[in-house]
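User: I would like to learn how to read a few features of a protein model. Could we take them one at a time?

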Amino acid sequence: MDNNRILGIDFFGGSLQDAVARARSGGLCVAPSGPGLAGDLTSCSSYAEALIQADLVLPDSGLMCLWTKLFFSRSIRRISGLAFLRAYLKEGGEDLQDSFWIMPDHGQSIENVKWLRDEIGFAPEEESIYVAPRYERIGPIEDLVLLERIKERKPSHVFIQLGGGVQERLGFFLRQNLASRPAILCTGAALAFLSGEQAEIPDWADRLYLGWLLRCFSSPEVFVPRYLKAFRLITVLARNGRKLPELTDPLARP
């Protein structure tokens, strides 16, 4: 049995530097959040399939990592999507010119590009930016317009900056339908944290698993209900351990 398998998903158990190196070799990289594991994993088979089939799954959830340290014989070192994206961009250099960016809206796209230009010294070309439409909350995602754009550009890196529960399904669709093998990075709101579009999360807060708390302080009406629901993850972990939870959606089990 794989000691890094939790809830039917094989989480990466190495260092941050090793994770960046593996991601750069291509394939789908995801960083499922605590709320995603507590809710989407049990209610959306397409989300579950994306995590199970991903090439690299980062242990982003601090709650999950603490739970496994208490109840499993081997703990997993947490790698947040935020820390991962910082490290990936830092090592990117000129290679980032060969990238494609999927943004949630025009406003965030402007601020995210500004941060990349000011802090990384790189700004994506307009042709390498795609503002995503509103995708369905459940079920498989297909975006043929986006797929053709990426096929034309043939990037080495695809950065998906959408919300959890959506980005993983979109990334899985791209990986399954691209002949090439770019690194498809689902880091959610990480770039928005860096650019100031969402609450800034300092390194110390990220290391101490307190990013969720700063988000709650910044927008309590949005994040307090979300993270209260995330505590359901304790029940999901206690009931299932290393096994994939039973799915409650009407779609077939992956």
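Analyst: Start with a pair of strands: four bridges join strand S7 (residues 157-160) to S8, and the two run parallel. Strands pair if DSSP finds at least two bridges between them; strands (E, at least two residues) and helices (H or I, at least four) are DSSP runs, numbered from the N terminus. The model is predicted, so local features need pLDDT of at least 70 and side-chain atom pairs count only at pLDDT 80 or more, while totals for chains, interfaces and linings use all residues. Residues are numbered from 1 along each chain as its sequence is written, and side-chain values use heavy atoms, leaving out hydrogens and water.

User: Which residue in S8 is the bridge partner of His 157?

Analyst: His 157 is partnered with Ala 183. Strand S3 (residues 27-30) is also joined to S8 by four bridges, again parallel, and there Leu 28 has Ile 184 as its partner.

User: What should I look for on the faces of a strand?

Analyst: In a regular strand the side chains alternate between the two faces of the sheet. In S8 (residues 183-186), Ala 183 and Leu 185 are on one side, Ile 184 and Cys 186 are on the other, and all are buried. Buried means under 20% relative accessible area, exposed over 50%, and partly exposed in between (1.4 Å probe, protein chains only).

User: Is Gln 167 buried or exposed?

Analyst: Gln 167 counts as buried because its relative accessibility is 2%. This residue lies in helix H8 (residues 167-177). Leaving aside residues up to four places away in sequence, Gln 167 touches Ile 160, Leu 162, Cys 186, Thr 187 and Gly 188; contact means heavy atoms within 4.5 Å.

User: How are two packed helices described?

Analyst: They are described by the angle between their axes and the distance between the axes. Helix H1 (residues 16-24) and helix H5 (residues 81-92) pack at about 65°, with axes 10 Å apart. Axes are lines fitted to C-alpha atoms, for helices over the stretch in contact, and angles run from 0 to 180 degrees between N-to-C directions.

User: Which residues of H1 make the contact?

Analyst: On H1 they are Leu 16, Ala 19, Val 20, Ala 23 and Arg 24. The H5 side includes Phe 84 and Tyr 88.

User: Where does Phe 122 lie?

Analyst: Phe 122 is in the loop between helix H6 (106-120) and strand S6 (129-131). With a relative accessible area of 4%, Phe 122 is buried. Its contacts beyond four places in sequence include Leu 96 and Trp 101.
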